[in-house]
Amino acid sequence: MSNTNESLGNKIADTVDDAGTAIKNTVKDVKTNAENKTRTADNETNKAANDAKAETGNIFDKAGAAIKNTVGDIKTNSANAANKAENESEKAANNLNNEAKKAERDERDRNDF
């Protein structure tokens, strides 16, 4: 919410705060995506190892590999979803904090007029 009587200094400070929040949120996205991709890659590596063992094993090894792979997929997808949800929550909090700072600055500016 912009104050039409806002000083140039406040407008500049708001722009800097917006840029800082955008950078902070972008870094959070990059970090979250990297963590999720790493977790997914680890899961795929484990699945390949399970499949290789199953290839040379008996029916129980094959069934065990299928179960391990399914459990691994569920755990990985769940962890990735939780990580993404936490990231989105933190980004929303960053945005709210940024807007609160700007509103406080606007309020101080209005009180100075």
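Among contacts (heavy atoms within 4.5 Å) between residues at least 6 apart in sequence, 81% join residues at least 24 apart. The model is predicted: local features need pLDDT of at least 70, side-chain atom pairs count only at pLDDT 80 or more, and totals for chains, interfaces and linings use all residues. Residues are numbered from 1 along each chain as its sequence is written, and side-chain values use heavy atoms, without hydrogens and water.

The protein has two helices and zero strands (DSSP runs, H or I of at least four residues for helices and E of at least two for strands, numbered from the N terminus). Its radius of gyration, over C-alpha atoms, is 24 Å, well over the 13 Å that the globule rule gives for 113 residues, so the protein is more spread out than a compact globule (the rule is 2.2 Å times the number of residues to the power 0.38). The C-alpha atoms fill a box of roughly 85 × 15 × 15 Å along the principal axes.

The structure holds 12 salt bridges (a side-chain nitrogen of Lys or Arg within 4 Å of a carboxyl oxygen of Asp or Glu). Three of them are listed here.

| Pair | Closest N and O atoms |
|---|---|
| K101 and D17 | 3.7 Å |
| K31 and E35 | 3.0 Å |
| D73 and K47 | 3.0 Å |

K101 lies in helix α2 (residues 59-112) and D17 in helix α1 (residues 8-56), so their bridge ties together parts 84 residues apart in sequence. D17 is buried at 15% relative accessibility, whereas K101 is partly exposed at 44% (buried is under 20% relative accessible area, exposed over 50%, partly exposed in between, with a 1.4 Å probe and protein chains only). D14, D17, K101 and R105 are linked in a salt-bridge network.
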